[in-house]
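Work through the exercises below with the structure open. Each task is followed by its solution.

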Amino acid sequence: MQSIYEQSGGTYTQNGDYLIPDIVLPQQSEASIGTWGRRHLRYIRENRPVLYNGLLFQNTLWEYLEGIDTQARERLQSEMEYLLLFWNVDEELKARDQMAWVQKMNQARSVAEEIVNAEFIYC
């Protein structure tokens with residue numbers, strides 16, 4: 001008597017006393033994900049294994065990570081623009097006091113990255 005798995009074309013491999021189903025995941029196109037996608041991948045692999053395995057088995061992991069990366073980049077850009085406008089960081093400041101401009105730019109980048117980390121990466 002064949003199992004439903006065998007009736008639908010599935011095969012087994014003998015491994016000691018056990019029969020292991022020959023299951024192969026379809027090939028995934030590893031899309032080019034950026035820094036934010038890679039950070040989120042590391043986070044879900046280490047801290048949210050159920051989500052990671054679910055996305056992997058549904059063959060949607062790379063599309064999910066592409067979406068996270070795109071959203072995070074857009075959020076970083078908009079947050080940087082807002083902070084620079086709020087703190088009056090402009091070309092006039094750059095011409096007048098370059099060190100203050102660099103300090104404000106680094107501070108804005110750091111704050112924006114923390115916001116993106118909190119909203120997209122470590123959630």
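**Exercise 1.** Is Tyr 5 buried, partly exposed or exposed?

The model is predicted, so local features need pLDDT of at least 70, side-chain atom pairs count only at pLDDT 80 or more, and totals for chains, interfaces and linings use all residues. Residues are numbered from 1 along each chain as its sequence is written, and side-chain values use heavy atoms, without hydrogens and water.

Step 1. Buried means under 20% relative accessible area, exposed over 50%, and partly exposed in between (1.4 Å probe, protein chains only).
Step 2. Tyr 5 has 27% relative accessibility and therefore counts as partly exposed.

**Exercise 2.** Describe the aromatic pairs of Tyr 5 and of Tyr 43.

Step 1. Rings of Phe, Tyr and Trp (its six-membered ring) pair if their centres lie within 6.5 Å; planes under 30 degrees apart count as stacked, over 60 as edge-to-face and the rest as tilted.
Step 2. The whole structure holds three aromatic pairs. One of them joins Tyr 5 and Tyr 12, edge-to-face, at 5.2 Å centre to centre and 65 degrees between the planes.
Step 3. Tyr 43 and Tyr 122 are also edge-to-face, with 5.5 Å centre to centre and 75 degrees between the planes.
Step 4. Tyr 43 lies in helix H2 and Tyr 122 in the segment after helix H6 (98-121), so this pair ties together parts 79 residues apart in sequence. Helices are DSSP runs (H or I, at least four residues), numbered from the N terminus.
Step 5. Tyr 43 is buried at 18% relative accessibility, whereas Tyr 122 is partly exposed at 45%.

Key. Helices (H or I, at least four residues) and strands (E, at least two) are DSSP runs, numbered from the N terminus.
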